[in-house]
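Subject: Structure for you to look at

Hello,

Here is the structure I said I would pass on. My notes on it follow below.

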Amino acid sequence: MKGEGIPTPEEENKGVTWRDLLKGKVGVTLMSLSAIWFLFDVASYGIGLYYPSLLHQFAFPSEYETLYGTMLISVGAIVGYAIAEVAVDSAGRRFTLMAGLGAMAFLLLLGGLISIRGAGLVPYFMVFVAMEQWAGAVTLFYPAEIFPTSVRSTAQGVTTAFSRVGAVLGVFFFPSMVKYLGLSESLMLFGLTSAIALAVSAVAVKETKMRRLEDISVSKT
């Protein structure tokens, strides 16, 4: 291959440094997406791992009812993800992400305010996990679209790493939060993290639907 702009073998194999990742628009995008993914996973995994426990504690004394309720919540997740996979190309990445985060924030804050309990937790969590999949679907591939080729894989890895830190923190602290603060207050606190993620998304996330990677990748300057 010949022509201007073709990297040399030395340039291709030099690796990616933190300076490359934090420079200019790439750095701003990396920090923004890392914050969004971190805050999203705090609520997503923090609550998602404990659906059976929450149903058993606040809705159903029967283990069978808890099992069936958890299965219905899983159906909600499958349906939500299937719709999200269509929405990302029709409605767009930005809309799908913000709709998911907005719905998460609204439902968590609402559930906390009305102190939701009993059998109503099943449809409540079904809707929550369905909309959660909208945001989750975008997090899987958006960094791979928005970052330039030279740092794409590393930036994707960094944002994913931050999301997993959020997931671990959410999973670790949620049971203690429910014990000492109560379910309503815990839902509202996680609703706040989702709302912050939504606010950052409104500023930092741009639409990439139906556009060439060369046109949407953030520059290094």
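The side chains of Glu145 and Thr208 are joined by a polar contact of 2.7 Å (a pair of N or O atoms within 3.5 Å; within protein, one must be able to donate a hydrogen and the other to accept it, and residues adjacent in sequence count only if both atoms are side-chain atoms). Please bear in mind that this is a predicted model, where local features need pLDDT of at least 70, side-chain atom pairs count only at pLDDT 80 or more, and totals for chains, interfaces and linings use all residues. Residues are numbered from 1 along each chain as its sequence is written, and side-chain values use heavy atoms, with hydrogens and water left out.

Glu145 sits in helix α7 (helices are DSSP runs of H or I with at least four residues, strands are runs of E with at least two, and both are numbered from the N terminus). Is Glu145 buried or exposed? Glu145 counts as buried because its relative accessible area is 13% (buried means under 20%, exposed over 50%, partly exposed in between, with a 1.4 Å probe and protein chains only). Leaving aside neighbours within four places in sequence, Glu145 is in contact with Arg93, Arg152, Thr208, Leu213, Ile216 and Ser217 (contact means heavy atoms within 4.5 Å). Ala199 is 54 residues from Glu145 in sequence, and their C-alpha atoms are 21 Å apart.

Glu145 also takes part in the contact between α6 and α7. The axes of helix α6 (residues 93–113) and helix α7 (residues 121–146) come within 8 Å and cross at roughly 145° (axes are lines fitted to C-alpha atoms, for helices over the stretch in contact, and angles run from 0 to 180 degrees between N-to-C directions). This crossing is left-handed, a term for a near helix turned anticlockwise from the far one by less than a right angle. Among the residues that make the contact are Arg93, Phe95 and Leu97 of α6, and Tyr124, Phe128 and Trp134 of α7. The residues of this contact divide into 17 nonpolar, three polar and three charged (Ala, Val, Leu, Ile, Met, Phe, Trp, Tyr, Cys and Pro count as nonpolar, Asp, Glu, Lys and Arg as charged, and the others, Gly among them, as polar).

Ser115 lies in the loop between α6 and α7. Its phi is positive, near 50°, and Ser115 is not a glycine. Most residues other than glycine have a negative phi. Ser115 counts as partly exposed because its relative accessibility is 38%. Met210, in the loop between α9 and α10 (213–216), has a positive phi of about 60° and is not a glycine either. With a relative accessible area of 71%, Met210 is exposed.

Thr193 belongs to helix α9 (residues 183–204) and is buried, at 15% relative accessibility. A polar atom of its side chain lies 2.7 Å from the backbone oxygen of Phe190. Not counting residues up to four places away in sequence, Thr193 touches Leu39, Val42 and Ala43.

As for the whole protein, there are ten helices and zero strands. The protein has 221 residues, of which 45% count as buried. Of the contacts with a separation of 6 or more, 84% are between residues 24 or more positions apart. The C-alpha atoms fill a box of roughly 70 × 35 × 30 Å, taken along the principal axes.

Regards
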